[in-house]
Structures are given as structure tokens and as C-alpha cells.
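Subject: Handover of a structure

Hello,

I am passing this structure on to you. Please open it first, then read my notes below.

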Amino acid sequence: MEGIEGSSGGGITPTYTLKPTKYNNEDILFCVDVDNECLVEMKNSGQNGRPITRLDSIKQSILLFIHAKLTINPDHRFAFALLGKSASWVRKEFSNDVDAAVSALRALSVSPSGGHADLSQLFRIAAHEAKKSRSQNRLLRVILLYCRSSVQPQFQWPVSQKLFTLDVVYLHDKPGPDNCPQKVYDALVEALEHVTEYEGYIFETGQGLQRILFRHMCLLLSHPQQRCMQDDLGLPMALTKKVPATDSSQGDDTITVV
């Protein structure tokens, strides 16, 4: 849109130019937390009443995301890593092959971390891949799915290097003597703000419901170059849909976002 004129007082008609921009295809690296807490059961159950774990739900939500993302643009690509004590590859090659994604997700299994979660290697992997993506006029994004309620992630990374976009989905237990989800959430926010290139989103839930996880993943379909700020995601909102201040239905399940 060029040369669009607007009118103002005093007879002055200023013009402005909005230059068209093209957004890049994405290379999306999923990093799934495979510590013991990924085996916590969700409130939903599967066929024949079979329990569904967080890891099961994460795998389903990733497949939902991939199918939807490829429907939007079949040129987006995906790779997979896991987070134990540190991050490591599950499938290094970025691909838009759904069968390859299913195979990679099946390969995910529990790996006890011993109470450590270092994101430094994940950021090193992402920075290296981001440079390769940029050389192909693509954009790298990392989606971290984190499940630990008492282990705060750590990292060492120069604040000047923001080469990729980071999104986080945090599934956690209620606060308690052995859990500190608010501190973990704050650490994840710090990590996101430290490394992300474009607007990165962070979502959390302690309610153990699949539909909330799926809703979060649907919001992450938004392209980093086309995003609003996270604070503006729920706007505008009808007054009838706002949750009253006295509603205690969420209780201790929800983290206070500062």
C-alpha cells in the first residue's frame, strides 16, 4: 500500500507508505521434556479408559500442530530434540514429511534427568541451525514443551545473540512442598526473553486437560513475523466472556503471570 492519504486539521494531507513485506518459511524444532514428570497422567482418559500421560498428550498436540501448519503452508519443516539433563537430537533433518514426524515422536522415551535441566545445548543447536535456515531464506523457531514442577531450567547464553524465536508450553503440578511452578515459570520467561528474536509466546497449565494444551498449540501456529504481543492475544474480549475476579475455579492450578 503506497501513497495512502489521510486528512487532518489545517488543510494538511500527510501521506505515508506501508511497504509490503514477505514472511519466511519456518524451520520448527520441537524440544520435548522427557524427565519422569512427563509420565504424569492427564485428567482425560483414552480409549477403554486407558490413562493418557503428558507425553502422550504432547505427541498428539505436536501432530495436530504439524498437520495444521502444513495446511497453511506445505513448505514449513520440522525437526525434533529431547530435553533430559541437556538437549539432544531425536531427528536432526528438517522435513515436511508427516510420516517422519510420527517416527520421531514414537522414538521419544523417558530419560530421568536427576534434577537438572540445562537449556544451553538447546540454544547452541538452535543458533547453529538458525544460521543454516537463514542462508536458505528461512526462519528458525524452537518450541519447548516443559513438564517439571520443581526443577528450574538453567542456561548460559550471550544476551547479544538472538538468532531464533523461542516458544514455551509449560505443563506443571499444583504448588506444594515439593513443587515451585511459579519459580520454574519465571525461569522459563527469563530464558525466552533472553534468546528470542521475534515475539515469543509462553503458555502454562496445571489443570491436566488435553484441550488446554491443544488450544495453546493452536495459538503457536501464528508466524513469528506476523504476531501481536502476547498481552494482546485475548483482545478484544466481550464483557460476558470475562472471568469474574471472584471465580476460584482455577484455584492453585494456574500460575500468576507477572
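Phe 30, Phe 65, Phe 78 and Phe 80 form one aromatic cluster. Rings of Phe, Tyr and Trp (its six-membered ring) pair if their centres lie within 6.5 Å; planes under 30 degrees apart count as stacked, over 60 as edge-to-face and the rest as tilted. The whole structure holds 9 aromatic pairs. One of them joins Phe 30 and Phe 78, which are stacked at 6.1 Å centre to centre, with 20 degrees between the planes. Phe 30 lies in strand β3 (residues 25-33) and Phe 78 in strand β6 (residues 77-83), so this pair ties together parts 48 residues apart in sequence. Helices (H or I, at least four residues) and strands (E, at least two) are DSSP runs, numbered from the N terminus.

Phe 30 also pairs with Phe 80. That pair is stacked too: 5.6 Å centre to centre, 20 degrees between the planes. Phe 80 lies in β6, so the pair links parts that are 50 residues apart in sequence. Phe 30 is buried, with a relative accessible area of 0%. Phe 80 counts as buried at 2% relative accessibility. Here buried means under 20% relative accessible area, exposed over 50%, and partly exposed in between (1.4 Å probe, protein chains only).

A word on the source. This is a predicted model, where local features need pLDDT of at least 70, side-chain atom pairs count only at pLDDT 80 or more, and totals for chains, interfaces and linings use all residues. Residues are numbered from 1 along each chain as its sequence is written, and side-chain values use heavy atoms, with hydrogens and water left out.

Now the overall picture. The protein chain has 5 helices and 10 strands. Of its 258 residues, 44% are buried. Among contacts with a separation of 6 or more, 76% come from residues 24 or more positions apart. Contact means heavy atoms within 4.5 Å. The accessible surface is about 13800 Å², and 50% of that belongs to carbon and sulfur atoms. Accessible areas come from the Shrake-Rupley method with a 1.4 Å probe; for residues, only the protein chains shown count as cover.

Next, helix α3 (residues 120-135). At 1.5 Å a residue, its 16 residues should span 22 Å; the end C-alpha atoms are 23 Å apart, which agrees. The expected span is 1.5 Å times one less than the number of residues. The buried residues of α3 include Leu 122, Phe 123, Ile 125 and Glu 129. What do the buried residues of α3 pack against? They pack against β3, β7 (87-95), β8 (138-146), β9 (165-171) and α4 (181-195).

Asn 137 sits in the loop between α3 and β8. Its phi is positive, about 60 degrees, although Asn 137 is not a glycine. Most residues other than glycine have a negative phi. Asn 137 counts as exposed, at 60% relative accessibility.

Arg 138 is in strand β8. At 10% relative accessibility, Arg 138 counts as buried. Leaving aside neighbours within four places in sequence, its contacts include Asp 27, Asp 75 and Ser 133.

Lys 69 is in helix α1 (residues 54-72). Is Lys 69 buried or exposed? At 2% relative accessibility, Lys 69 counts as buried. Beyond its neighbours within four places in sequence, Lys 69 is in contact with Phe 78, Arg 141 and Ser 222, among others.

Helix α5 (residues 210-219) has these buried residues: Gln 210, Ile 212, Leu 213, His 216 and Met 217. They cover an arc of only 165 degrees around the axis, which puts them on the same side of α5. The arc is that of the directions from the helix axis to the C-beta atoms.

Last, Arg 227, in the segment after α5. Arg 227 lies over the face of Tyr 201, at 4.3 Å from the ring centre. A charge sits over a ring if NZ of Lys or CZ of Arg is within 6 Å of the ring centre and within 35 degrees of the ring normal. Arg 227 and Tyr 201 are 26 residues apart in sequence and 9.6 Å apart in space, C-alpha to C-alpha. Arg 227 counts as buried, at 13% relative accessibility. Not counting residues up to four places away in sequence, Arg 227 also touches Arg 141, Asp 167 and Glu 199, among others.

Best wishes
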